[in-house]
Amino acid sequence: MAKISLKELVDQYSTTVLKSAFRIVGDQQYAQDIHQEVFLAILRRWDRFNGQTNWGAYLYRVTVRKAMGFVKRSRLPEKRFGSLDDWAVIKEDPAGLLRSKELQHELLRRLSKLPRRQADVFVLSRIEGISDRQIAEIMNLAPQTVRVHLCRALERLRSELKDFLVDR
Amino acid sequence: MKTCDKTNEQLTAFVLGYFSEEEVSDMTRHLVECEDCRVKVREHGKLLECAREISDISADEQMCTSAKEAVLAVAEGAEKARPRPIINMQNIGRIIMKTKITKFAVAAVIIAATMIGVHWFGASTPAYGITEALELWRNAQTVHIKGWRFLHTGDDTQLEKFPFELWFDKKNGLLRKWIPVDWFGDYTTETPKYYLTVSDGQFIMQTGCYTSFDDNKVHPVVSFTKLSPFQQRLWIRTMEPFPAFITNLDQMKGFTKVGQERIKDRLADIWQGEIAARGKTIPYVKKKIWLSPETGEIVRIFTWLNAEENSIRWVPRADADTIEYNVAPPADCFSTESPEGYELVNTKETAIENELGEEGGTKFYGCIGFTLKDGSVIYGWHANHKPDKSQAGLFEDLKPGGPLPNLPAQIIELKPRPVEEDIILAGRHLTFTQKKGKFYEWGIYVPNKKMPRRNAFDRYEVIQKYNGTEPRSFGGRPLLIAQELAINSKEEFETWVHGAMAELSDDGKAPEHATYEKVLRLAEQIRSSLKDYKPSDNREVRSF
C-alpha cells in the first residue's frame, strides 16, 4: 500500500478529528488545540509510519484519547460551560438548562475516569455514533468485547450519576 | 411478589439494543412488574439521551476549514522546514463573543444582584434598601472591580494569587477585562496566562496564547471580533441590571451578617452564605460580601469554591477587594489597539461578525426574544438539522396568526416561570426572515391568561415539538427572552424587534407587514381564540 502524504492525510481526516474533539471538549479553541496536537504529533513521527497504518482508526483512537485526557486533567466545568465564578452559567442556564449542561459535564467527567477501554468504547459508540464492528476494528478488540465494555461503562456511569438522573 | 432476576448486565444490554426480539418481549413483560428495573432503564435512557445531546454538538465549517488550513500549512512546509506552531485563526474571535465577553458583563451585573439578595433576605433590617442597591448600579456610568484570583498547579492547598481587573462603561457599552486563566491543565505559576478583553463599542479585542512546539514556550496572540450596529445597541442595553436575578437570590436566603469591618475608611457589614445548585444539598460556592450600611454599596466580595463532591472543603477562588462606582477610567482603558509583542490572529479589517444567537454549530437555536406590553412574546428561532437542504418550501403560504412552519423542530409554546398560575403562551406564525440560506421563524406567543409583569418572573419555559427528528435541546442565546428586552412603545419595537429581524435578513430590512400596531392587533385576535386553549400533547418540555 502506497504511503499517503501528510497533506492527503490532513485533507482527508482534519474535519473528523476536529469535530470529534469539539464534541468532547465543547470549546472551539481547545478542540482546535487538540486537532493541532494530533496532527503535529503525527508529523513529528511521520517517518515511523508505514503504508499499513489504518488512519481512520488511528486518528479516532488518538483524538478520543487526547480529548478525554484533556477532560480528565482540566477543569472542564469552567471551560465547557463557563466559570462558576463569573456566574454566566447562572444567568443563561437557569433550572433545566443548567441541569442538562450539568449532566453533560458530569457524564464527560465521570467518563474520563472510567477504565480507558470502557471510556473509549462509550465515546466512540454513543458520542461518535460508530458501530460496534467499526469500534472493534479501531480498538483492535473482538466485537463481543466492545459490547461488554459498553455495557459496563453504561452501568457504571448510571450508578455514579444517579443523583443527576432522578426526575426533578 | 415476584423476585427480580434481572442483572444489571441484562438491563444495559436491553437498553443498548443487544437483545433479540424474544429477549425484548421477556424484558418488557418484566418491566411492567418491576419498578426497580423500570427506574434503572429510565436512568439508562437519560444517560444515553445526554450522550446523544453531546453527539449533536457540531463544529462549524468555518472552524474546520481554518483548523485544516493551519495544519496544512505546516504539512506542506514539512519537507522544507521544521514543524512550526500553528495559531488558531479567526475562530478565536468568535469564541470570545460567545463565551467570555458576554459572561463578563454578567459577572458585574451579578454583583448588583448579590447586593439585592443580601438586602432582601437579610436577617436584620438594613439601613439601605433594595431599590438603592439597584439604582446604584443602574445609574453608575462606570464600574471598576479589581482583586485577586487564586490559582494552583494541581494541589489546591498550594495556592498562588494573581491580580485581575475589570472596567465597565455602561453608557457607552465599553469594557475591559484582564484576568489570569488556568488553561489546559498545564498552568504553572511561573507562566500565568492573562487574557485581556476590551470592547470599544465597535470591536472586541481578545488576547490569547498558544504553546509553540518549537520552543515549548507560551506565545501571546490577539484577535478581533466585530459588532454590528444592532449588536452594539444590544450590548449596551443588556449591560443593564435586570430583575431576573432576584429569583436567583433564593439561593442567598441563608446569607447572614457575620460582622463589621472598616475598609478604606468605610464601615462595611460582612454578610456570608453558601449556595447549592438546585436539587443539591452540598453547596458549591461560598461568598462573603462586604456592604456599606449607609449606601448599600458593595465594597468587597470573597468567593470560595467547594473542592469536594460529597463533603465540603472550601478553596479560595477570588477576592474582589476593590469595587468602585463612577470613577474615571485611565486613559486608553477601552482602547482596542493591539498590545505590543502579540501576534495578530486577524485585524479589525478582517474581523468577523457573530450571528445573533447561533453558537457552536447548534442546529436548533433561539436567536432573540422580546416581550410586548400586552404580555405577548416575539421569539426568533432557527431549526434545520440538514443545513444543506433548503427550507424555503416550509415557509410558503404561511399566514400571520396561523400555524408555525412545519420545521423539524418547533417552539410551540412558552410558559412563564416561576409563576404558579397555569399560563401558556401559544405560538403562532408572525413572519420569517432569511439570511445566507438560513430561515428564521419569528413566532408570536400569546398568553391564554393575563400575564404578570415581565419583571415579576424569571424566565420562560420553552415547549418544543419535534417533527420526525429526535428530540434535542434548542441552543443559542438569549434563551431567556431577557427582561431588558421588554418592548413598551412603537419606537422600541422598531429599534429592537425590527432591528433584530433586519439583522437576520439578507437585505437588512424587517418584513414590512410586521408593524407594532398590527402585531398588537394580531396578538389580541389570537388571545380571543385561546379561551379554551389546550396545550399540545405531542411536545417536549424543556425548561430553559
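Let me start with chain B as a whole. Its 544 residues include 42% that are buried. In secondary structure, chain B comes to ten helices and 21 strands. Now take the contacts in chain B between residues at least 6 apart in sequence: 65% of them join residues at least 24 apart.

With that background, let's go inside. Which residues have the most contacts inside the largest nonpolar core? They are Phe370(B), Val377(B), Ile378(B), Tyr445(B), Val497(B) and Ala500(B), in a core of 77 residues. The element that gives the most to this core is strand β14 of chain B, residues 364-372, with six residues. Two domains of chain B, domain 2 (91-325) and domain 3 (364-542), each supply at least three residues to the core.

Leaving aside residues up to four places away in sequence, Val497(B) touches Phe370(B), Ile378(B) and Ile487(B). There is also a second, separate core, with 59 residues; among them are Ala31(A), Ile34(A), Leu154(A) and Phe164(A).

Is β14(B) largely enclosed or open? Nine of its nine residues are buried, so β14(B) is largely enclosed by the rest of the structure.

Which strands does it pair with? One partner is β15(B), residues 377-383, which runs antiparallel to β14(B) over seven bridges. Within that pairing, Tyr365(B) is bridged to His382(B) of β15(B). The two strands make a hairpin, with four residues between them, and in the turn Gly375(B) has a positive phi of about 95°. Another partner is β20(B), residues 486-487, which pairs with β14(B) in the parallel sense over two bridges. There, Leu372(B) stands opposite Ile487(B).

Finally, how confident is the prediction for chain A? Its mean pLDDT is 75, and 78% of the residues of chain A reach 70 or more. Among the elements of chain A, helix α9 (residues 143-160) has the highest mean pLDDT, 90, while helix α5 (residues 88-92) has the lowest, 32. Across residues 75-98 of chain A the pLDDT is below 50, yet this stretch has 53 contacts in the model beyond near neighbours in sequence. Where pLDDT is low, the predicted coordinates should not be read in detail.

Definitions and conventions: Residues numbered from 1 in each chain as written. Chains lettered and ligands numbered in written order. Predicted model: local features only at pLDDT ≥ 70, side-chain atom pairs only at ≥ 80, totals over all residues. Core = buried A, V, L, I, M, F, W, Y, C linked by C-beta atoms within 7 Å. Buried ≥ 20, exposed ≤ 12 C-beta atoms within 10 Å, placed from the backbone. Domains from an automatic or database assignment. Contact = placed C-beta atoms within 7 Å. Pairing = 2+ DSSP bridges. pLDDT = per-residue confidence, 0-100.
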